[in-house]
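Please look over the sequence and the structure shown below before reading on. The report then takes up a few parts of the chain in turn.

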Amino acid sequence: MPSNLSASARGHKQDELDWDEEREELYLLLLPLVLEAAQQAAINGLDAAGLGGDVDLDLLFEDLRAFAEEYARALAEQITDTTRERVEAGLAAGMTLDELAVWFEDSRAEAIGISTITEVFAQGNMTAWLAVGLALHTWNTAGDNLVCPICRPNDGTTVPIGFAFPSGHTRPTAHTRCRCWLSPAIAGG
Ligand SMILES: [Zn+2]
């Protein structure tokens, strides 16, 4: 599967491409990946808070499914729009779909890449902490000299879950390739 275009799309002519179908296929591909990452993040988040055994995971995973569906839907839409723009520009320039496929070799991998995992992981953490009644969390950066000016002011700051950190973001990512993560914070602790 070398392309962000589905297998069925390759070899078709431009006017035969069904972008709704492309978007739906991508959504169905992304959803289980997003859901699994969010669930894993929730479990890790509970462990980080020392509360691994205290939660009804079925209920928590239901909340995460709603998030995952919405997230995967938006991501599939965004990727499909970008792909469509590039494909249409390429076709207008006289390229074939098979030639264009080379451009998109890494698109799907990118789509489920670092930024997505970072965001989904943070959301899974937050959902789990809220489920066990934790109210505060702390923003952590990678702590090396690559940390950017956007994230540096957030490093080590603690806010109520759902509220903005100094950068204005309520959770990582703050930008593409953001490597930040959240940790639970105990009030007064
Ligand atoms: Zn960051």
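## A loop between two strands

In which loop does Arg-177 lie? The model is a predicted one, and in it Arg-177 lies in the loop between β2 and β3. The phi angle of Arg-177 is near 65°, which is a positive value in a residue other than glycine. Most residues other than glycine have a negative phi, and most peptide bonds are trans. Arg-177 counts as exposed because 11 other C-beta atoms lie within 10 Å, and the cut-off for an exposed residue is 12 or fewer.

The loop between β2 (158–160) and β3 (181–185) also holds Thr-173. The peptide bond that leads from Pro-172 to Thr-173 is cis, and its omega is near 10°.

## The chain as a whole

The protein chain has five helices and three strands, and from the N terminus on these elements follow the order α-α-α-α-α-β-β-β. Of the 189 residues in the protein chain, 32% are buried. Among the contacts in the protein chain with a separation of 6 or more, 74% are between residues 24 or more positions apart.

## Helix α5 and what covers it

Helix α5 covers residues 114–131. With 18 residues at 1.5 Å a residue, α5 should span 26 Å, and this agrees with its end C-alpha atoms, which are 26 Å apart. Just after α5 comes Gly-133, which takes a positive phi of about 85°. The buried residues of α5 include Phe-121, Met-126 and Trp-129, and what covers the buried residues of α5 includes α1 (19–48), α2, β1 (136–140) and β3.

If neighbours within four places in sequence are left aside, Asn-125 is in contact with Ala-41, Gly-45 and Leu-182. Asn-125 and His-137 are twelve residues apart along the chain, and their C-alpha atoms are separated by 9.6 Å.

Two packed helices are described by the angle between their axes and the distance between the axes. Helix α2 (residues 57–92) and helix α5 pack at an angle of about 155°, and their axes are 10 Å apart. Angles over 145 degrees count as roughly antiparallel, and α2 and α5 are therefore roughly antiparallel to each other. The crossing of α2 and α5 is right-handed. On the α2 side the contact includes Leu-60, Phe-67 and Tyr-71, while on the α5 side it includes Val-120, Gly-124 and Ala-131. By class, the residues in the contact of α2 with α5 are eight nonpolar, four polar and one charged.

Helices α1 and α5 cross at roughly 50°, and their axes come within 7 Å. The two helices α1 and α5 are therefore oblique to each other, and their crossing is right-handed. The residues that make this contact include Ala-38, Ala-41 and Gly-45 of α1, together with Phe-121, Asn-125 and Trp-129 of α5. The contact of α1 with α5 has eleven nonpolar residues, seven polar residues and no charged residues.

## How α1 packs against α2

What is the angle at which the axes of α1 and α2 cross? The axes of α1 and α2 cross at roughly 140° and come within 7 Å, and α1 and α2 are therefore oblique to each other. Helix α1 passes α2 in a right-handed crossing. The contact of α1 with α2 is made up of 19 nonpolar, two polar and seven charged residues.

## Pro-160 in strand β2

Strand β2 contains Pro-160, which counts as partly exposed because it has 13 C-beta neighbours inside 10 Å. Not counting residues up to four places away in sequence, Pro-160 touches Ala-135 and Leu-136. Pro-160 and Thr-170 are ten residues apart along the chain, and their C-alpha atoms are separated by 9.4 Å.

Key. Residues are numbered from 1 along each chain as its sequence is written. This is a predicted model: local features need pLDDT of at least 70, side-chain atom pairs count only at pLDDT 80 or more; totals for chains, interfaces and linings use all residues. Axes are lines fitted to C-alpha atoms, for helices over the stretch in contact, and angles run from 0 to 180 degrees between N-to-C directions. Helices (H or I, at least four residues) and strands (E, at least two) are DSSP runs, numbered from the N terminus. Angles under 35 degrees count as roughly parallel, over 145 as roughly antiparallel, 65 to 115 as roughly perpendicular and the rest as oblique. A crossing is left-handed if the near helix is turned anticlockwise from the far one by less than a right angle, and right-handed if clockwise. Two residues are in contact if their C-beta atoms, placed from the backbone, lie within 7 Å. Ala, Val, Leu, Ile, Met, Phe, Trp, Tyr, Cys and Pro count as nonpolar, Asp, Glu, Lys and Arg as charged, and the others, Gly among them, as polar. A residue is buried if 20 or more other C-beta atoms lie within 10 Å of its own, exposed if 12 or fewer, and partly exposed in between; C-beta atoms are placed from the backbone. The expected span of a helix is 1.5 Å times one less than its number of residues.
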